[in-house]
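Subject: Structure for your attention

Dear colleague,

Please find below the structure that I am handing over to you. My notes on what was found in it follow directly after.

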Amino acid sequence: MDGTQRVFDEETTLGNTKPHLEEIGVTRIASITDLDRIGIPVFSAIRPTAAEGAISIYSGKGSTESQARISSMMESFERCLAERIGVNADIVEDVAAEEFIESVENASDGHELVDPNKLLLAEPLPPESLVEWTQGWDLLLEKEVYVPSNAVYHPYDSPGMSARLFRSNTNGLASGNVIEEAILHGLLEVIERDALSIAEFNRNPGKQIILSENDGVNYELMQKFESNGVQLKLWLLPHDTGITSVVAATDDLDLKDAALLVMGAGSHLNPEIAIRRAITEAAQSRVVQIHGAREDTDRESFVRQIGYERMKRMNRFWYEDSESVTTGELNDISSATPAENIDVVLDELRKITDSAIVVDLSRKNVGVPVVRVIIPGFEQYTLDRERVGHRVRKGRKPSPSSEKPWKRRFGKRK
């Protein structure tokens with residue numbers, strides 16, 4: 001379909017998923033598009049029974065109303081099924097994966113484990129610490145492995161005497177019409193967050209993507225921003241895979257509102273789809289800030305205290321001009337099905353890592369597959385400033401010798 005790849009069309013997807021919304025506690029799906037002047041469809045889904053520490057309002061975006069509606073619904077399934085039984089008010093069925101609590105040393109006797117330190121812990125884990133483990137499948141090693149449950153569930157509270165390793169988040173949570181679709185989207189999200197973390201840490205957004213009328217719907221979506229006084233810059237993020245990761249950075253030149261200096265991001269094997277996701281997510285970010293109803297939108301008051309001019313200076317690398325590239329210069333490495341696309345992604349990941357784990361969070365009574373994808377060592381700086389690995393330093397932008405700081409300051413030595 002235009003701007004996306006799915007197993008089923010929008011009508012079939014809606015028909016398959018709508019009956020399960022009541023099962024996960026969703027009480028309302030609503031368009032919030034008209035809260036903003038941009039006009040790109042954004043929908044919200046309301047789930048009042050969300051667990052403590054989670055959010056109860058989920059957002060979705062798309063180039064059509066149906067896509068935005070489906071997007072908000074799919075996020076509802078992801079968030080609900082990421083809550084474990086006991087704190088989940090809607091789901092009583094547990095995941096099929098085996099789970100247990102044990103120290104790394106004792107658990108490694110008879111089990112293949114993911115080293116918790118590879119998940120970028122803020123502090124080293126004492127060897128005697130108890131850890132809760134959940135069974136997953138390593139797509140690269142092609143075998144069962146156990147990962148810390150802290151990386152699987154959200155929100156996460158460690159049971160008993162087991163350790164809480166870090167603040168849980170939703171990175172790699174994904175749903176789909178079929179499980180292959182969910183796995184693909186989960187892999188792409190982890191790659192997107194890795195690329196964005198590297199770019200943010202190094203203040204290096206990469207190359208600016210220039211759209212023209214030849215880019216069709218993507219160009220039309222960009223014009224919705226520009227014609228309403230909102231500057232939109234598209235960036236091709238540097239990354240050591242061939243997967244396209246894009247950021248859309250926006251600046252409301254009319255309102256000059258610090259809270260509306262927002263971004264959207266997207267990764268895909270097809271550059272056109274990656275760009276579409278980034279642009280529509282930027283529109284979603286604007287509407288969510290204006291709506292102000294989500295529990296995770298407390299940045300509004302904070303950034304407005306800092307002020308528009310200072311916020312823009314602090315993040316000027318997203319708004320300055322740079323070396324440019326066109327969509328036609330980007331490589332489309334996508335295939336025809338989710339399963340084939342997964343194989344392409346795994347071939348790219350093999351160049352830089354030896355592990356990519358998927359945990360199946362699906363429940364038999366809920367007809368929408370949900371997974372959590374975990375790639376040990378991949379960065380999450382954009383989500384958690386305390387968790388920084390060695391990959392972020394690979395994104396440093398080399399300066400020509402003529403631009404060395406000491407030469408700019410003191411001039412060339414004679």
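Glu132 is placed in strand β5; strands (E, at least two residues) and helices (H or I, at least four) are DSSP runs, numbered from the N terminus. With a relative accessibility of 6%, Glu132 counts as buried, a word that stands for under 20% relative accessible area, while exposed stands for over 50% and partly exposed for what lies in between (1.4 Å probe, protein chains only). The side chains of Glu132 and Tyr156 are joined by a polar contact of 2.7 Å. A polar contact is a pair of N or O atoms within 3.5 Å; within protein, one must be able to donate a hydrogen and the other to accept it, and residues adjacent in sequence count only if both atoms are side-chain atoms. Not counting residues up to four places away in sequence, Glu132 touches Arg84, Phe100, Ile101, Val147, Pro148, Ser149, Tyr156, Pro159 and Ser162, where contact means heavy atoms within 4.5 Å.

Please note that this is a predicted model, in which local features need pLDDT of at least 70 and side-chain atom pairs count only at pLDDT 80 or more, whereas totals for chains, interfaces and linings use all residues. Residues are numbered from 1 along each chain as its sequence is written, and side-chain values use heavy atoms, with hydrogens and water left out.

Which residues have the most contacts inside the largest nonpolar core? They are Ile24, Phe77, Val147, Val152, Val359, Leu361 and Ile374, in a core of 44 residues. Such a core is a set of buried Ala, Val, Leu, Ile, Met, Phe, Trp, Tyr and Cys residues joined through side-chain atoms within 4.5 Å. At least two residues of this core come from each of α2 (65–81), β5 (130–138), β6 (143–148), β13 (357–360) and β14 (370–374). Helix α2 gives the most, with 6 residues. A second, separate core has 22 residues, including Leu184, Leu188, Leu349 and Ala356.

Helix α2 also packs against α1 (residues 10–17), at an angle of about 35° and with the axes 10 Å apart. Axes are lines fitted to C-alpha atoms, for helices over the stretch in contact, and angles run from 0 to 180 degrees between N-to-C directions. In this contact, Glu10, Thr13, Leu14 and Thr17 of α1 meet Ser66, Gln67, Arg69, Ile70, Met73, Met74 and Phe77 of α2.

Ser76 is in helix α2 as well. Is Ser76 buried or exposed? Ser76 is buried, with a relative accessible area of 0%, and it touches Ile24, Val26, Ala45 and Tyr58, not counting residues up to four places away in sequence. Thr250, in strand β10 (residues 244–252), is likewise buried, with a relative accessible area of 0%. The side chain of Thr250 reaches the backbone oxygen of Leu260 at 3.5 Å.

Finally, some backbone details. Most residues other than glycine have a negative phi, and most peptide bonds are trans. The peptide bond from His154 to Pro155 is cis, with omega near -5°. Glu142, in the loop between β5 and β6, has a positive phi near 55° and counts as exposed at 58% relative accessibility. Arg203, in the loop between α4 (179–202) and β8 (207–210), has a positive phi near 50° and counts as partly exposed at 40%.

Yours sincerely
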